[in-house]
Amino acid sequence: MNDATVCSTENERLSLKESSGWFAAGASFRRALTVLSDGAFRLFALICLEADRQTGCLEASYRDLAKALGKSKRAIGGYVAELENTAVCQITAARNQHGRTVFQVRDEFWPYRRIGHAQPPADAELAQYLDSVRECYLSLGEVQVGFGPSDVSITKELYERRIPLGVIRDAMLLGACRKYQSWLNGKPAQPIRTLRYFEEIITEVRNEPLPAGYSNYLGRTLQRFATAWAAAGGKVGRTQRVPVSTGKEAVTERSEARQ
């Protein structure tokens, strides 16, 4: 190829091969590349390609996403948690494992201007946030004493700080497992009386997110601990002692979560 040919091609106007189905991958797309793991970024790219351009929303089941990416549903669950924990997407979870999850790419990562009522009103979004936090908190078992007015105020603080629901759920599971473990090892059985208990754990999880699959393992571990506590009649020191360590390994080895 000579210099004249090079110059002529540089002056030609670029055009798209396809008139539809493309996505404006600009600075926001590049930013996502720097904050997401390879698997989570692939899921993010798929969501961007399939999402409604006017709203940035996509409804899809884990099964559909797993099939599209050639991954397991468990792997997809880990990627979804990462999208939420890094505040790349707002996630509205399906009611059951067969339902469709709603993904909305957040403004910082969506290159288009949203049209109409793409984003839910702030009060509706806060109400949904409160419901999700309350539901998760009350599902922790006997380690908590109820969700009161102070917990509503704390939840509003978390909302104003834009703490992702996934981070809060992970922190609650981790904190509840540690509390049950403490009880089962004979420590004083003081319940969790406020969401403030999880404040430091939320910071811990934000600074070092749980590995893929670990949240599901924590959920199973919480059920196991709750069953053991009920079998002990809700009294300390009556069950087999559970080894205690520090950090996230206070519940189990991370490697077990991937089995």
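Predicted model: local features only at pLDDT ≥ 70, side-chain atom pairs only at ≥ 80, totals over all residues.

Colleague: How many helices and strands does the protein chain have?

Modeller: The protein chain has 11 helices and three strands. In sequence order the pattern reads α-α-α-β-α-α-β-β-α-α-α-α-α-α.

Colleague: What percentage of the 259 residues is buried?

Modeller: Buried residues are 38% of the 259 in the protein chain.

Colleague: On to helix packing. How do you describe a packed pair?

Modeller: Two packed helices are described by the angle between their axes and the distance between those axes.

Colleague: Then take α3 and α4. What is the angle, and how far apart are the axes?

Modeller: Helix α3, residues 38-50, packs on helix α4, residues 62-69, at about 105°, and the axes are 11 Å apart. That angle makes α3 roughly perpendicular to α4, because 65 to 115 degrees counts as roughly perpendicular.

Colleague: Which residues make the contact?

Modeller: From α3 they are R42, L43 and L46, and from α4 they are L65, A68 and L69. By class, the contact of α3 with α4 has five nonpolar residues, no polar ones and one charged residue.

Colleague: What about α8 and α9, at what angle do they cross?

Modeller: The axes of α8 (residues 165-184) and α9 (residues 199-207) cross at roughly 120° and come within 9 Å. That makes α8 oblique to α9.

Colleague: Left-handed or right-handed crossing?

Modeller: The crossing of α8 past α9 is right-handed.

Colleague: Which residues make that contact?

Modeller: On the α8 side the contact is made by V167, I168, D170, A171, L174, G175 and R178, and on the α9 side by I201, I202, E204, V205 and R206. Seven of the residues in the contact of α8 with α9 are nonpolar, one is polar and four are charged.

Colleague: Staying with α8, is L184 buried or exposed?

Modeller: L184, which is in helix α8, is buried at a relative accessible area of 3%.

Colleague: How far is L184 from F225 in space?

Modeller: The C-alpha atoms of L184 and F225 are 8.1 Å apart, and the two residues are 41 apart in sequence.

Colleague: Back to α3. Where is F41, and what does F41 contact?

Modeller: F41 is in helix α3. Setting aside neighbours within four places in sequence, F41 is in contact with F29, A32, L33 and L36.

Colleague: Why does F41 count as buried?

Modeller: F41 counts as buried because its relative accessibility is 15%, and buried means under 20%.

Colleague: What does T155 touch?

Modeller: T155 sits in helix α7, residues 149-160, and is buried with a relative accessible area of 0%. Not counting residues up to four places away in sequence, T155 touches Y129, L130, V133, F147 and L195.

Colleague: Now the loops. Where is D52?

Modeller: D52 is in the loop between α3 and β1, the strand at 57-60. D52 is partly exposed at 38% relative accessible area. Leaving out residues up to four places away in sequence, D52 touches C57 and W110.

Colleague: How far apart are the C-alpha atoms of D52 and Q104?

Modeller: They are separated by 9.4 Å, and D52 and Q104 are 52 residues apart along the chain.

Colleague: What about backbone phi values?

Modeller: Most residues other than glycine have a negative phi. A87 has a positive phi, near 60°. R162 also has a positive value, near 60°.

Colleague: Where are A87 and R162 placed?

Modeller: A87 is in the loop between α5 (73-85) and β2 (89-92). R162 is in the loop between α7 and α8.

Colleague: What are their relative accessible areas?

Modeller: A87 has 23% and is partly exposed. R162 has 40% and is partly exposed.

How values were computed:
Residues numbered from 1 in each chain as written. Heavy atoms only, no water. Axes fitted to C-alpha atoms, helices over the stretch in contact; angles between N-to-C directions. Helix = DSSP H or I, 4+ residues; strand = E, 2+ residues; numbered from the N terminus. Parallel < 35°, antiparallel > 145°, perpendicular 65-115°, else oblique. Left-handed = near helix turned anticlockwise from the far one by under 90°. Contact = heavy atoms within 4.5 Å. Nonpolar A, V, L, I, M, F, W, Y, C, P; charged D, E, K, R; others polar. Buried < 20%, exposed > 50% of the residue type's maximum accessible area, 1.4 Å probe, protein only.
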